[in-house]
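Please read the following briefing alongside the sequence and the three-dimensional view. It is arranged by topic for a reader new to this structure.

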Amino acid sequence: MTAPTRSRSEELLDLAQEAGGLGLFEWDIAQARITLSPRYLAIHGLDAFDGRYESWLSCIHREDRVRIAHLVDSVFADKRREWHAEYRIVGADSGELKWLEARNIVAYGEDGAPRRVVGVIVDVTQHKRSTAALQAFAETLEETVRDRTARLHASEGLIATFFRHSPECHAVMVEAGEGRFRYEEVNPATLQLYNMARQDVVGFTVDELFGAEAAGELDAHLTACLRSGLPHRYERVQGQSCVEAIATPVPQEPGALRRIVVSARDVTERRRLEDQLRQTQKMEAIGQLTGGG
């Protein structure tokens with residue numbers, strides 16, 4: 001029997017998954033079967049999957065398994081259309097602990113029962129490690145305020161090495177008055193995202209680099225971070241890219257200019273695939289309403 005010809009949209013979907021490091025998850029609840037894309041299996045270190053919900057749940061780290069099962073139940077009970085979660089797995093092939101981020105869309109029947117779940121996962125282990133390193137960075141700076149010791153200089157050297165070589169974007173922002181912020185330091189990944197040289201970024205305010213409209217959005221997020229005194233997550237558009245970021249306030253001596261460490265990553269391909277999945281589901285729903293099955 002001749003294998004069915006793959007459509008152009010299917011080929012593009014596969015390319016988008018590969019480019020974004022995304023694994024595709026599809027759960028046909030009526031048929032009690034879960035289908036995982038090759039990339040999804042690779043992230044989990046699996047060669048094959050039997051399609052059962054219980055088998056999928058068993059792939060999740062035992063300390064996160066009950067939480068995720070309860071989340072799924074509550075999503076269905078509340079008739080929520082979209083849900084997001086982070087959880088750990090242990091790679092079946094390597095035994096490596098990984099952090100995954102999952103975003104899912106649920107389709108319900110006319111009777112209100114869930115019929116289908118489509119979603120994507122991405123390995124965010126490196127992002128978790130970077131966040132932990134930034135937290136250590138903030139704690140080290142707090143220690144600077146309390147006790148300027150020789151040990152601090154050694155720690156700063158290690159942090160500087162991480163800052164320079166991290167694949168994620170990192171920037172240190174400092175208050176520049178009236179709700180404005182200036183770049184005090186950036187790493188090479190940030191310069192690559194901005195497509196700028198270091199001397200064209202460090203020392204300049206956000207509005208000087210990107211204009212008043214972009215600065216208003218970013219400065220508002222940084223101001224919210226300082227106001228709460230807690231890490232602040234947000235997304236914004238940078239050129240042609242969609243950037244997911246977390247701003248963390250840095251402890252300072254009383255009266256000193258306040259600083260923020262910003263860590264960001266490019267999630268353009270993931271958001272593009274999520275939009276494509278939503279559009280596919282919308283077209284399927286329209287087809288069903290017009291008698292398409």
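**Cavities and aromatic pairs**

By class, the lining of the second largest cavity comprises 8 nonpolar, 2 polar and no charged residues; Ala, Val, Leu, Ile, Met, Phe, Trp, Tyr, Cys and Pro count as nonpolar, Asp, Glu, Lys and Arg as charged, and the others, Gly among them, as polar. This is a predicted model, in which local features need pLDDT of at least 70 and side-chain atom pairs count only at pLDDT 80 or more, while totals for chains, interfaces and linings use all residues. Residues are numbered from 1 along each chain as its sequence is written, and side-chain values use heavy atoms, with hydrogens and water left out.

**Overall chain**

- The protein chain has 10 helices and 10 strands (DSSP runs numbered from the N terminus: helices are H or I of at least four residues, strands E of at least two).
- Of its 293 residues, 42% count as buried (under 20% relative accessible area, with a 1.4 Å probe and protein chains only).

**Second largest cavity**

- A cavity is a set of points on a 1 Å grid over the protein atoms alone where a 1.4 Å probe fits but cannot get out, and lining residues have an atom within 4 Å of a point.
- The second largest cavity has a volume of about 60 Å³ (the space filled by probe spheres set on the points, which are joined across faces, edges and corners).
- Its lining includes Phe 25, Tyr 40, Trp 56 and Trp 83.
- Strand 5 supplies the largest share of this lining, 3 residues.

**Largest cavity**

- The largest cavity has a volume of about 150 Å³.
- Of the 16 residues that line the largest cavity, Tyr 194, Tyr 234, Arg 236, Val 262 and Ala 264 lie nearest its centre.
- Strand 6 gives the most to the lining of the largest cavity, with 4 residues.
- That lining divides into 12 nonpolar, 3 polar and 1 charged.

**Aromatic pairs**

- The structure holds 7 aromatic pairs (rings of Phe, Tyr and Trp, the last by its six-membered ring, with centres within 6.5 Å; planes under 30 degrees apart are stacked, over 60 edge-to-face and the rest tilted).
- Trp 27 and Tyr 53 are stacked, at 4.8 Å centre to centre and 15 degrees between the planes.
- This pair links Trp 27 in strand 1 to Tyr 53 in helix 3, 26 residues apart, and both residues are buried.
- The ring centres of Tyr 183 and Tyr 194 lie 6.0 Å apart with planes at 85 degrees, so the pair is edge-to-face.
- Phe 25, Trp 27, Tyr 40, Tyr 53, Trp 56 and Phe 76 form one aromatic cluster.

Terms used. Buried means under 20% relative accessible area, exposed over 50%, partly exposed in between (1.4 Å probe, protein chains only). On a 1 Å grid over the protein atoms alone, a cavity is a set of points where a 1.4 Å probe fits but cannot get out, and a pocket is an open set with protein on both sides within 12 Å along at least five of seven lines; lining residues have an atom within 4 Å of a point.
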